[in-house]
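Keep the sequence and the 3D view open while you read.

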Amino acid sequence: MANLNIEIGGLNFKNPVLTASGTFGYGSEYGDFIDLSRLGGIIVKGTTLYPREGNNYPRMAETPVGMLNVVGLQNKGVDYFISEIYPKIKDIDTRMIVNVSGSTIEEYVTCAAKINELEKIPAIELNISCPNVKEGGMAFGTNCGSASKVVKAVRKIYHKMLIVKLSPNVTDITEIARAVEAEGADSVSLINTLLGMAIDAEKRQPVLSTVTGGLSGPCIKPVALRMVWQTAKAVKVPIIGVGGISNWKDAIEFILAGATAIQIGTYNFIDPTVSIKIVDGIENYLNRHGFDSIGELIGNM
Amino acid sequence: MKKYIADWTIKENIPFNDNECYLLKLSLEEKIPIILPGQFVQVLVEDSSTTFLRRPISVHFVDKEKNELWLLVQVIGNGTRKLSERKKGDRVNLIYPLGNGFSLPEDKSKITGKLLLIGGGVGVAPLLYLGACLQELGYSPEFLLGAKIKKDVLQINEFGKFGKIYITTEDGSAGEKGFVTNHSILQSGGFDFIYTCGPKPMMAAVVRYAREKGIACEVSLENTMACGIGACLCCVEKTVRGNVCVCTEGPVMNINQLTWQI
């Protein structure tokens, strides 16, 4: 039996399969379909210092083999998370990671500091790549200077494993990856959604309330794979690959491109059991090819 | 309520209206779990290259004796067209049961008047099972079904099993001419509770009527959604409590929750 354990920033995961923020709620939404403890980790919904109502409806447009969304980080704020949600999810036997976002550096810092105090949250994923908010979000992640600033500020007060989620909406993602690595990020996850747009030809108007939105799903996989491969050559920290993964084969491709772990996002909507199928599929693959551990496969092509 | 994911088998696929609409009767090997009227299922469409997301479809009827779930589906795009081409014996993957469902007045003594179920076009779908459940609880539901033309008034025989039917068509080819809210039954009034599902303009007209008359009313919304289980937050409706997911806190909402400017 191949060993699926991985380590990122000193933190062990039972396997490399995590679920992506914004596609898996707080985990419990999927508890009827799968045994959550079989996952490597769950990255919960983007959390901000203050409650956010998110964007107006319509927030979603189906695209060929994918979808656009403009949810806009709807969440009840970090204090609500700590008092109401954390007690219900803290004992799920997997790595529970909070995705942290903000409109200003101070908001990121204060939110991260509060989550630093939660015993059962061993890591955060810093979201500097949300394309669906007017201020903050992607604005931080598309420029080396601002990406460095926010990671540096959070690193000062956040003492556990720090993942930074990168935006693909940049000229060179490896520059941003290097910048956040230099400020102390333990890992980078990529890619967040690609900025896209949908128009209703009959109504002659945009489909989404905010006109543009984030594209996800299998249609973005080749772009994500390419960016993971490029980034793996540019940084030393472990990479978490995300973008369009819908089966174990996709997951293996990301690991071969250099990812240490992967996240399943949009495909959870199509098949709420897909994450466990991918855990099993990776294990079968390793056994079939005679690998003793997943580590042997990372970047091995 | 516990949610499930499973393959169902098509027992019958009955087309009507020149294949614009069809009735899928699905069965499950094990006993169908409790499904509430107004709940929906997420249907996987596997053979359409342009269909990525599951299709949320409301529960039309649950035949407990035959262990069958009925879905009434209108062909809108490629996904529903592909689904309409499925044959008897084919398997269809569903996530079920989803959403909250209509509120059923358990205590009959609390409602002394009449219940009116207003549906438009294919929006009549959830009202059949609702009517059946209300009849089972001892009520005498009445149905007001609206459509553009006569052939679009769906499932009249089925609705007739559970209560009195009133019809409107826009061209007057069946029942009274006009929209549902023009029907004379609404002038005579006397309804205690209205349930409605259909196109948004129709529901808006019904909501306006209910507000004016002070009648309790529930609407079934059909906001576009992705996951159906409260994870993606795409299908939100702006309510008096802020944005809430139609897939988990709906699709049925009491009109006192809505912020529609009508």
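How many salt bridges does the structure hold over all chains? The count is 19, where a salt bridge is a side-chain nitrogen of Lys or Arg within 4 Å of a carboxyl oxygen of Asp or Glu.

## Before you start

This is a predicted model, in which local features need pLDDT of at least 70 and side-chain atom pairs count only at pLDDT 80 or more, while totals for chains, interfaces and linings use all residues. Residues are numbered from 1 along each chain as its sequence is written, chains are lettered from A and ligands numbered from 1 in the order in which they are written, and side-chain values use heavy atoms, with hydrogens and water left out.

## Where the two chains meet

Let's begin at the interface. Here 33 residues of chain A are in contact (heavy atoms within 4.5 Å) with 29 residues of chain B. The area buried between the chains is about 2,500 Å², with carbon and sulfur atoms giving 60%; buried area is the accessible area (1.4 Å probe) that two parts lose on being put together, summed over both. A:Tyr57, A:Glu62 and A:Ile270 supply 25% of the area that chain A buries against chain B, more than any other three residues.

One salt bridge is counted between chain A and chain B. In a salt bridge at 2.7 Å, N to O, the side chain of A:Glu62 meets that of B:Arg55.

Side chains of opposite charge can pair when their charged atoms come close. B:Glu29 and B:Arg91 form a salt bridge, with their closest N and O atoms 3.9 Å apart. B:Glu29 sits in the loop between β2 (21-27) and β3 (40-43), and B:Arg91 in strand β6 (residues 91-98), so this pair ties together parts of chain B that are 62 residues apart in sequence. Helices (H or I, at least four residues) and strands (E, at least two) are DSSP runs, numbered from the N terminus.

B:Glu29 is exposed at 72% relative accessible area, while B:Arg91 is partly exposed at 40%. As for the words, buried means under 20% relative accessible area, exposed over 50%, and partly exposed in between (1.4 Å probe, protein chains only).

Another salt bridge joins the side chains of B:Arg86 and B:Asp47 (3.5 Å, N to O). Of these two, B:Arg86 is buried at 9%, and B:Asp47 is partly exposed at 39%.

## A helix in each chain

The expected span is 1.5 Å times one less than the number of residues. Its buried residues include B:Met202, B:Val206 and B:Tyr209, and among the elements covering the buried residues are β7 (114-120) and β12 (216-220) of chain B. B:Arg208 also belongs to helix α5 of chain B, but B:Arg208 counts as partly exposed at 40% relative accessibility.

In chain A, helix α9 (residues 274-288) has 15 residues and reaches 20 Å from its first C-alpha to its last, close to the expected 21 Å. Its buried residues pack against β3 (17-19), α7 (248-256), β16 (261-264) and α8 of chain A.

## A buried asparagine

Which strand holds A:Asn127? A:Asn127 is in strand β8 (residues 123-127) of chain A, and A:Asn127 is buried, with a relative accessible area of 5%.
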